[in-house]
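Welcome! Open the model in your viewer and let's walk through it one selection at a time.

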Amino acid sequence: MKVKLRIKRFNPQKDRKPYWQEFEVEAEKTDRVLDALHQIRWYQDGTLGFRRSCAHGICGSDAMLINGKNRLACKALFADLGDYVTVEPLRGLPVLKDLIVDMEPFFAAYRAVKPYLINNDQPPLKERLQSPEERARFDDTTKCILCAACTTSCPSFWVNRDYLGPAAIVNAHRFIFDSRDQAAEERLDILASRDGVWRCRTIFNCTDACPRGIQVTKAIEEVKRAIMYAKV
Amino acid sequence: MYKGGEGYWSWIFHRITGVGVALFLFIHVADTFIIGWGPGVYNAVTSLYRNPVFKIAEVILVAAVLYHALNGIRVILVDFWGEGVLKQRSIFWAEVVVFVILFVPTAILMLSRL
């Protein structure tokens, strides 16, 4: 089938503002938006800028705004989207070129919540043991691939770029509720600040956008309650 | 326009009705304050509310307060009831049903006395 892609383009070295450009490509229903972007870049217009690495939904490079929703281009099928698809860069992050955004503010928020194991005890000779129940407590939030689909779907983040955002909170959650970690309080202090969890208005765009199916808002609410009741 | 789901739209309406009700509150405080100039002035000003335009605005006000209250309960359930966050879609549609049941008869009653 023939599919039309309407792509929002911007080259800061040439353009004063973004503009829309349409491309037509031959595609199967089982093809993904990423396949069409490849067709355009390889055979029609080599100047089209977009990111991708693994192309199989695990590296988190190709999140973009597809038909008005944040999705991974490598997981969005034409069978679900139809034959006319609009593609825009993620919102709330500076556009570097076409569909490529500057991810640095996003990763700065990620680093701010100390997304690594903190345990000051003498390291044990073998593994740090954990029961299946203790592991299950934070299982959902281990699935994050840092694609930024959640954070850039959040209206609170669009208007306040200092908000740490859903992805950072998800990754804080992953360690706050880990029985092997000892820095929950430190992270909860960071997330209780004015740019932390209280900016969340339970809009659920993040949960709907997550390509990994993480219950993002649920994780944020659990962190909110951990702060409120001072109990992990 | 971002194509969000129930959570997105419920939040947008919550914002609009919230700002609307707050604006009404300012007007309401102002008109009550006018009593300080005596009953004559007060009655003259508040008789404006008998105007059909204000009657319709009143119905819209009831809708705004009712929606904001019902959705407020939804937000409380999402925040405090562990299951609420997973059932927010169903809670939203239950809220819509309750809204219609309460609002339609109220609106008919109010408008029939126009």
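**Where the two chains meet**

Show both chains: about 1,800 Å² is buried between chain B and chain A, with carbon and sulfur atoms giving 56% of that area. Buried area here is the accessible area (1.4 Å probe) that two parts lose on being put together, summed over both. This is a predicted model, in which local features need pLDDT of at least 70 and side-chain atom pairs count only at pLDDT 80 or more, while totals for chains, interfaces and linings use all residues. Residues are numbered from 1 along each chain as its sequence is written, chains are lettered from A and ligands numbered from 1 in the order in which they are written, and side-chain values use heavy atoms, leaving out hydrogens and water.

Next, select the touching residues: 19 in chain B are in contact (heavy atoms within 4.5 Å) with 24 in chain A.

Now pick Arg89(B) and Asp208(A). They form a salt bridge, their closest N and O atoms lying 2.7 Å apart; the term asks for a side-chain nitrogen of Lys or Arg within 4 Å of a carboxyl oxygen of Asp or Glu. Across this interface the rule finds 2 salt bridges.

Helices are DSSP runs (H or I, at least four residues), numbered from the N terminus. H3(B) supplies the largest share, 5 residues.

Last stop: Trp198(A), in the loop between helix H7 (184-191) and helix H8 (205-209) of chain A. Trp198(A) counts as partly exposed because its relative accessibility is 37%, between the limits of under 20% for buried and over 50% for exposed (1.4 Å probe, protein chains only).

Key:
Helices (H or I, at least four residues) and strands (E, at least two) are DSSP runs, numbered from the N terminus.
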